[in-house]
Amino acid sequence: MPSLRLAFLVIAASSIAALPSLAAAESSSYVYCSNGIACFMQPCPSGNALDLATGKIIKGVALNTTELPPLNRSAPDLSDKLYAGKLVVRGSIQHRGETSEPPMLVVTDIERASKTGERKRCAAR
């Protein structure tokens, strides 16, 4: 009987430990585009993110591409395409640090080229 309790406790502890990583792993499709703000230091709220699942525009978003696979991250025109809203990316909006810091779009994959309507909607101010 004690071994059954121990097994139950181990399973429960493992499940609880996995919950934060599962929440962080939830992602959606976004179009990221520049909002015209020029920054000199990171994190910089220099973009908007259009959540394609909800249609909501999140304004003043910083961009983090460090989670992209190396091959995607090293594309020579990646930054230009992102800031112009030409890509649909998979990622998640994360709120880190101080409340004064901008939310961050953490990009994990590039899905496809964006449509003209998606780009225009993202850039709408």
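# Close-up views of a barrel and its neighbours

Both faces of strand β2 are covered, with G47, A49 and D51 buried on one side and N48 and L50 buried on the other. This is a predicted model in which local features need pLDDT of at least 70 and side-chain atom pairs count only at pLDDT 80 or more, while totals for chains, interfaces and linings use all residues. Residues are numbered from 1 along each chain as its sequence is written, and side-chain values use heavy atoms, leaving out hydrogens and water.

View 1. Of the 5 residues of β2, 5 are buried, so the strand is largely enclosed by the rest of the structure. Here buried means under 20% relative accessible area, exposed means over 50%, and partly exposed lies in between, for a 1.4 Å probe and protein chains only. Strands are DSSP runs of E with at least two residues, helices are runs of H or I with at least four, and both are numbered from the N terminus. In a regular strand the side chains alternate between the two faces of the sheet. Strands β2 and β3 run antiparallel and are joined by 4 bridges. The hairpin of β2 and β3 has 5 residues between the strands, and in it G55 takes a positive phi near 80 degrees.

**View 2. The closed barrel.** The barrel is made of 5 strands in the order β1-β2-β3-β5-β4, with mixed pairing. On average, neighbouring strands of this sheet are turned by 55 degrees against each other, direction ignored. Two strands count as paired if DSSP finds at least two bridges between them. Strands of a sheet pair through backbone hydrogen bonds, either parallel or antiparallel.

**View 3. Strand β1 and its two neighbours.** Strand β1 covers residues 28–34 and runs antiparallel to β2, residues 47–51, with 5 bridges between them. Along this pairing, C33 has N48 as its bridge partner, and S34 has G47. Strand β4 is also joined to β1, by 4 bridges, and these two strands run antiparallel. S29 stands opposite R90 in β4. In β1, 6 of the 7 residues are buried, so the strand is largely enclosed by the rest of the structure.

View 4. Which strands does helix α4 lie across? The helix, residues 116–123, lies across β1, β2, β3 (57–64), β4 (87–94) and β5 (104–113), and runs at about 65 degrees to β1. Axes are lines fitted to C-alpha atoms, for helices over the stretch in contact, and the angles run from 0 to 180 degrees between N-to-C directions. The structure holds 1 disulfide, a term that stands for a pair of cysteine sulfur atoms within 2.5 Å. This disulfide is formed by C33 and C122, with sulfur atoms 2.2 Å apart. C33 lies in β1 and C122 in α4, so the pair ties together parts that are 89 residues apart in sequence. The torsion about the S-S bond is about -105 degrees, so the disulfide is left-handed. C33 is buried at a relative accessible area of 3%, and C122 is buried at 0%.

**View 5. An aromatic pair.** Rings of Phe, Tyr and Trp (its six-membered ring) pair if their centres lie within 6.5 Å; planes under 30 degrees apart count as stacked, over 60 as edge-to-face and the rest as tilted. By this rule there is 1 aromatic pair. The ring centres of Y32 and Y83 are 5.6 Å apart and their planes are at 80 degrees, so the pair is edge-to-face. Y32 in β1 and Y83 in helix α3 (residues 78–83) are 51 residues apart, so the pair links distant parts of the chain. Y32 is buried, with a relative accessible area of 1%, whereas Y83 is partly exposed at 36%.

**View 6. The surroundings of N64.** N64 is found in strand β3 and counts as buried at 12% relative accessibility. Leaving aside residues up to four places away in sequence, N64 touches R96, M104, L105, V106 and V107, where contact means heavy atoms within 4.5 Å.
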